[in-house]
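Subject: Structure handover

Hello,

Here is the structure we talked about. Please have it open while you read; my notes follow below.

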Amino acid sequence: MLKRRRIIILKGDITDEVFIESIFEKYQFDSVIHLAAESHVDRSITSPLVFAKTNILGTMILLNAFRASWKDDWSDKLFYHVSTDEVYGTLGEEGLFTESTSYNPNSPYSASKASSDHFVRSYGETYRLPYVISNCSNNYGANQFPEKLIPLCINNIIENKKLPVYGDGKYTRDWLYVEDHADAIDLIFHKGKPKETYNIGGFNEWQNIDLIQLLCSQMDIKLGRSKGTSNQLISFVKNRPGHDLRYAIDASKIKNELGWEPSVTFEQGLSKTIDWYLENEIWMNHVVSGDYQTYYKKQYIK
Ligand code: DAU
C-alpha cells in the first residue's frame, strides 16, 4: 500500500468480492469513478469469458459493494461508470453517435461494456443508486499498452518491424488525447447530471491508413530517418473479425452543457505521445517482454 497525503493506492481485482467489500467497508467511499476494464477488442475475440468476468461481474461487484456501504441512503453519492463508444456498434460512412443512439455491440468486448452500462442504469432505476455514464472514443497518449494501434505502431517503427494494418485500412476512428479524456471525466464527475450519459470524442476522425502514414512521417523526422522510410513498414494483414467500420462521436452535449472540448490538435497530441515513448524506452522494453511476446506472436505471426 502506497500512502501520499489523501491518496491511498490499493492493488486488487474488481472481481475479488471479498477484497472489494472489505475496502468499501473500511473506507466508506462516497463516490466511485469506475474505469477498470478489460479493454482490447482482439483479446476479447480470443478470450471472451475473461471480458464477461471483469467487465460485467466486476462492475456488479462494485455496484453491490457501493450499495451495501450506503444502504440506499444516497445523498451526495455518485457512481460514475466510464464506458466506450463501441457499445453503439458501427456507423456507415455518414452520421455520428449521439447519447440516444441504440446499443448494438459487435465484439465480445463491446457487448461486455454494453452489459455493464445496462447494469449501472438498472441499479439506478431499481435501487435509485445515483449514477452517471460516459461513452468515449479512441484514446491515445502516454503509458498506453502497445496492443493498441498507436503505441503498437510507435514501437514497431522504432524496432523496424512491420506495421500490421487490418483489412484495407479504411476503417475509421475518432481519436482523443488521453489528458483531454481525463479532463472530461473530472468535469462530468463534478458537474454532470445524475442519470445522464455523456458522449466524449475528439471531433477527429481518421482512417487507419492515413493515421499510420501521419505517424510514420512524424517518426521519420524525430528519428532522423529520411522521408518515407517508415512508410515502407506498412503491411496489410487479415482483417479483425466483426471489425466495426467507423466510430465518430457527436460530443455537442458535453460541449454545450459542461463547456468541455479537446485542448490539443491531433498533430500536437501525437507529437507529445511519440516524444513520451521515445523518452521512456525502459518502460516500453519492460512491457513488451514476457507475456506481450506470446500475445504478439499469436496475434500477428501465428
Ligand atoms: O472506441 C473506443 C475504443 O477504442 C475503446 O473502448 C477500446 O478499449 C480501445 O481498444 C479502442 O478500440 P479499437 O478496437 O478501435 O482500438 P485499436 O487500437 O485496437 O484499433 C484501432 C483501429 O486500428 C481499429 O480499426 C483496428 C485497427 N488496427 C488495430 C491494431 C491493434 C489495425 O489495423 N492493426 C492493429 O494491429
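A residue counts as buried under 20% relative accessible area, as exposed over 50%, and as partly exposed in between. K255 has a relative accessible area of 35%, so it is partly exposed. Keep in mind throughout that this is a predicted model.

Salt bridges

The whole structure holds 11 salt bridges. I went through several of them.

K255 pairs with E261; their side chains meet at 3.7 Å, N to O. E261 has a relative accessible area of 47%, so this residue is partly exposed too.

R67 and D72 form another salt bridge, with the closest N and O atoms 3.1 Å apart. R67 is partly exposed because its relative accessibility is 26%. D72 comes out at 32%, so it also counts as partly exposed.

The pair R240 and D42 sits in another setting. Its closest N and O atoms are 2.7 Å apart.

Look at E86 next. You will find it in the loop between β4 (78–84) and α4 (108–127). E86 is buried, yet it has no salt bridge. Which side chain of opposite charge is nearest to E86? It is R173, at 5.3 Å.

E86 does have a polar partner. Its side chain makes a polar contact of 3.2 Å with the side chain of Y247. Leaving aside residues up to four places away in sequence, E86 touches V41, P105, S107, Y109, S110 and Y247.

Strand β8

R173 brings us to strand β8, where its side chain points the same way as those of W175 and Y177. T172, D174 and L176 point the other way. Why call β8 largely enclosed by the rest of the structure? Because 6 of the 6 residues in this strand (residues 172–177) are buried.

β8 has two pairings to check. Strand β6 (residues 138–140) pairs with β8 in the parallel sense, over 3 bridges. Within that pairing, N139 stands opposite L176. Strand β10 (residues 205–207) runs antiparallel to β8, and 3 bridges join them. Here D174 stands opposite E205.

Strand β7

β7 pairs with strand β11 (residues 234–237) in the parallel sense, over 4 bridges. What is the bridge partner of L163 in β11? It is I234.

Where to look

Best wishes

Key:
Residues are numbered from 1 along each chain as its sequence is written. This is a predicted model: local features need pLDDT of at least 70, side-chain atom pairs count only at pLDDT 80 or more; totals for chains, interfaces and linings use all residues. Side-chain values use heavy atoms; hydrogens and water are left out. Two strands pair if DSSP finds at least two bridges between them. A salt bridge is a side-chain nitrogen of Lys or Arg within 4 Å of a carboxyl oxygen of Asp or Glu. Buried means under 20% relative accessible area, exposed over 50%, partly exposed in between (1.4 Å probe, protein chains only). Lys and Arg count as positive and Asp and Glu as negative; His and the chain ends are not counted. A polar contact is a pair of N or O atoms within 3.5 Å; within protein, one must be able to donate a hydrogen and the other to accept it, and residues adjacent in sequence count only if both atoms are side-chain atoms. Contact means heavy atoms within 4.5 Å.
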